[in-house]
Amino acid sequence: MKQNAQTTEALTLDVLDKYPSVDTEHIDLMLRSEYQDFHKKIVVLDDDPTGIQTVHDVYVYTDWEESAINQAFTSKEDMFFLLTNSRSFFREQTIRVHTQIARRIGKTAVENGQGFFLISRGDSTLRGHYPLETEVLKDTLETDCHIPTDGEIICPFFKEGGRYTINNIHYVKEGGFLIPAGNTEFSKDKTFGYTSSDLTEYVEEKSEGRFRKEDCITISLEELRSLELDNITDKLMSASGFAKIIVNAIDYIDIKIFCICLIRALRQGKNFIARSAAALPKVLGQITDVPLLSKKDLIAGKEDKGGIVIIGSHVQKTTDQLNALLESEKDLTFLEFNVNSYFQDGGLNAEVQRILDQAEALIRSNKTVIIYTSRRLLVPDTADKDEILMASVHISDALTSIIRFLTVKPRFIIAKGGITSSDVGTKGLQVKKALVMGQIKKGIPVWLTGEESKFPNTPYIIFPGNVGEVNTLRDIVEEIC
């Protein structure tokens, strides 16, 4: 689909200050009032572990067995996360897993007489199995559980990561500019690429024309900042046939205003599924702002051992952050994991053993070790996107196995990259349920691993590949090592 001229223009950051301000205290009071009669459980399906970037004191479950879902539904918490890690799945696995989850959520909700609101938390730069995931959820809930869905809310705004939606165009902050998402490296993703920055066009592109851009319902910044609550609510009430509802937002106040209208529509019987980044769950889950976590919060009283950092992401931002970390004057040891050993018979296993032997000795001697993948995967030109994804999965599994085979408990663990951090958490650390402690930097969450995990009560820092400034990784490592 060809983009119009508007979608190709970068904006300066001052555009964020050109919209009228709103009385925040008044909106907060209105939102609290709406919540008094709102008793739906917020269920967030997270396609990698970074969806908890904005929350604290919330539990994340790493499997979707009926027992886990029932435990989550009957807990006192208003919101919980199910980590699917589906961004690393093939299409068939994505369909199977989301069908299972939808059936179990619907069944559990009916058995417990508990209403729910379902959020498919995806990447704020529009990558992932979209619209496949939300369509499978919707179809399964309707067919198997007789739970209808009127529309899909699309809200990729994520302030902490510099993601804004203005006039339906989604932007990524790069330096002093807002770049249309379709003009960034993220849109060139070999597995989940796209061309459209305008979210109405993105919907048409990704649905292959089944949903047309002109049929999208859009909620503008002008409507939100003018507090046109009745008009916005009416738009939500008009949704049917899984209509796509585009939410513009440049600040959390926009999400709060939208949620007032959303709750009103839900109370009147409408049902929606949301495809969003991390901001919407924070507001719907009534998560308050808290200070960033410090070294004292994370490792006070921990055994005197070194930490371990695993860097798997290959986006340019991660590479720049790795280069900054390499310049640190702290006593760190760097080990490069050769990703191209994948193409050698038995190469990955040998590479894992080489790295593991060195890492174990370093951690025991109270040294922090940085293990990073070589930056270029030499994929044959003839490889298709499934072959590329398969190579990435095998390499990630090998990298993760370093944590799985590790015999010494590190003082802390950092994983860089969405798939990497998911695999480290679920396959390496074998976490089933973790408490989200909060964030160490904006958009960078921390788990406290559960008692059932390989290394219980260990701070596990989940660092998304596309978040932070050039020195953010270096700052975190230097602070806590």
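Modeller: Happy to! A salt bridge is a side-chain nitrogen of Lys or Arg within 4 Å of a carboxyl oxygen of Asp or Glu. Behind the term is a simple idea: side chains of opposite charge can pair when their charged atoms come close. Before we look, please keep in mind that this is a predicted model, in which local features need pLDDT of at least 70 and side-chain atom pairs count only at pLDDT 80 or more, while totals for chains, interfaces and linings use all residues. Residues are numbered from 1 along each chain as its sequence is written, and side-chain values use heavy atoms, with hydrogens and water left out.

There are 34 salt bridges in the structure. Let us begin with one of them, where the side chain of Arg-87 meets that of Asp-47, at 2.8 Å from N to O. To place the two partners we need names for helices and strands: these are DSSP runs (helices: H or I, at least four residues; strands: E, at least two), numbered from the N terminus. Arg-87 sits in the loop between strand S4 (79-83) and helix H3 (91-112), and Asp-47 in the loop between strand S2 (41-46) and strand S3 (58-61), so this bridge links distant parts of the chain, 40 residues apart.

Arg-87 has a relative accessible area of 10%, so Arg-87 is buried. Asp-47 is buried as well, because its relative accessibility is 1%.

Next, look at Asp-48. Its salt bridge is with Arg-121, and the closest N and O atoms are 2.7 Å apart. Asp-48 belongs to the loop between S2 and S3, whereas Arg-121 is in strand S5 (residues 116-121), so their bridge ties together parts that are 73 residues apart in sequence. Asp-48 counts as buried because its relative accessibility is 3%, and Arg-121 is buried with a relative accessible area of 2%.

The side chains of Lys-244 and Glu-152 meet with 2.7 Å from N to O. Lys-244 lies in strand S11 (residues 243-247) and Glu-152 in strand S6 (residues 151-155), so parts 92 residues apart in sequence are tied together. Lys-244 has 2% relative accessibility and therefore counts as buried, and Glu-152 is buried with a relative accessible area of 0%.

Methods: Buried means under 20% relative accessible area, exposed over 50%, partly exposed in between (1.4 Å probe, protein chains only).
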